[in-house]
Amino acid sequence: MNYFKTIFTTIFIFSLFFVAAACGTAPAEPDAGEGTAGEAAPGVQRTIRAGIGLNDQHPQYLGLLKFKELVEERTDGSIVVETYHSGQLGDDRSMMEALQLGTQEVTVPSTAPIAGFVQEFTVFDFPFLFPSEEVADEVLDGDVGQMMLDKLDDQNLVGLAYWENGFRDLTNARRAVASMEDMKGLSIRTMENELHLEAFRALGANPTPMAFTELFTALQQGAVDGQENPVATVYLQGFQEVQDHISNTHHIYSPFVFLMSKTFFDSLSEEEQEIVREAAREAGQHQRQLNREANAQYLDDLQEAGMTYTEIDEEARQEMIDTVQPVLDKYAERIGQDIVDQVYEAIQEAQED
Ligand code: KDG
């Protein structure tokens, strides 16, 4: 009996030893401090689960694949990237919450739902703010863009780069929209963002906030008449099957933000942090280019699929701009006029370049 007791005791002591040794190589615990980096643990493979709401045909997903390729190559596979599309890991808001909790590592939401976490992000969704994609690039990739990304830290999120969703256009199943008059009474799904809701209300529509993951079914079942998204999304998500009209309202330029869980980011070594940051930026350049090609290409395809296309003329667009201005003034006050002014100044400078 004593013989067995000795064997069990020895096994128990060895097990304790192994558990302690394994803990020593586990990823670092979350750190509340800023700009921290973990110790690179040799031989330990880390996994980044990267999820988005759009499907695997969309340039956003192709951008994620680029990120995966760059990170796995540059870390010699010690960081593996798993990619998930079509809301497989949840919608924008729930994925951001998962990043905060450290149960998911990456997501790439539009700025609109980010404003629910950091209200200053609302400024990037001001209707008719950015005059072109090139100006948006310069502002977002410059000091103002970085200042906004820095604000994510307090939310246990790290903003690594801006990607592109693009200029949003209105689609619906009821009638061709050439002006505000035609928008009256249309029920429109918007992203979960207060400014989007108020702007559409001001324009005469009847907006309903909804996660992207529920949108196709809502359109199909007629729960809403329409929605607004860039052409690439409309086509690649198959909205032409359930929507008859599209207008180039271009009412909002929608950026994406490549977000990483701060818990995970802080567990990486400095070298790994630099690799993921650079990969997010490079993949973003690739994604923007593909996105622009897709947005230019698919308008014809939507018409071939049977949708009517209506141009918004200068006068109709100006009427929309004037109508939403009081809403913007209200939000500028709420966000902080100084921040809004900095964004407008950066846009001005970018236009002069
Ligand atoms: O992956 C991003 C999408 O989930 C979402 O942000 C797309 O523009 C979008 C929308 O309308 O919800």
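I looked up the ligand surroundings first: 14 residues surround the ligand, where a residue counts if one of its heavy atoms lies within 4 Å. The closest are Gly53, Asp92, Ser110, Asn165 and Arg189.

The model is predicted, so I noted that local features need pLDDT of at least 70 and side-chain atom pairs pLDDT 80 or more, while totals for chains, interfaces and linings use all residues. Residues are numbered from 1 along each chain as its sequence is written, and side-chain values use heavy atoms, without hydrogens and water.

I then checked polar contacts (pairs of N or O atoms within 3.5 Å). A polar side-chain atom of arginine 189 is 2.7 Å from a ligand oxygen. For arginine 168, a side-chain N or O atom lies 2.9 Å from an oxygen of the ligand. For the side chain of asparagine 229, the distance from such an atom to a ligand oxygen is 3.1 Å. Taken alone the ligand exposes 330 Å², and the protein buries 98% of that (Shrake-Rupley method, 1.4 Å probe).

I turned to helix α12 (a DSSP run of H or I, at least four residues). Helix α12 covers residues 270-304, 35 residues in total. From first C-alpha to last, α12 reaches 50 Å, close to the expected 51 Å (1.5 Å times one less than the number of residues). Just after α12, I found glycine 306 with a positive phi of about 110°.

Definitions and conventions:
Helices (H or I, at least four residues) and strands (E, at least two) are DSSP runs, numbered from the N terminus. A polar contact is a pair of N or O atoms within 3.5 Å; within protein, one must be able to donate a hydrogen and the other to accept it, and residues adjacent in sequence count only if both atoms are side-chain atoms.
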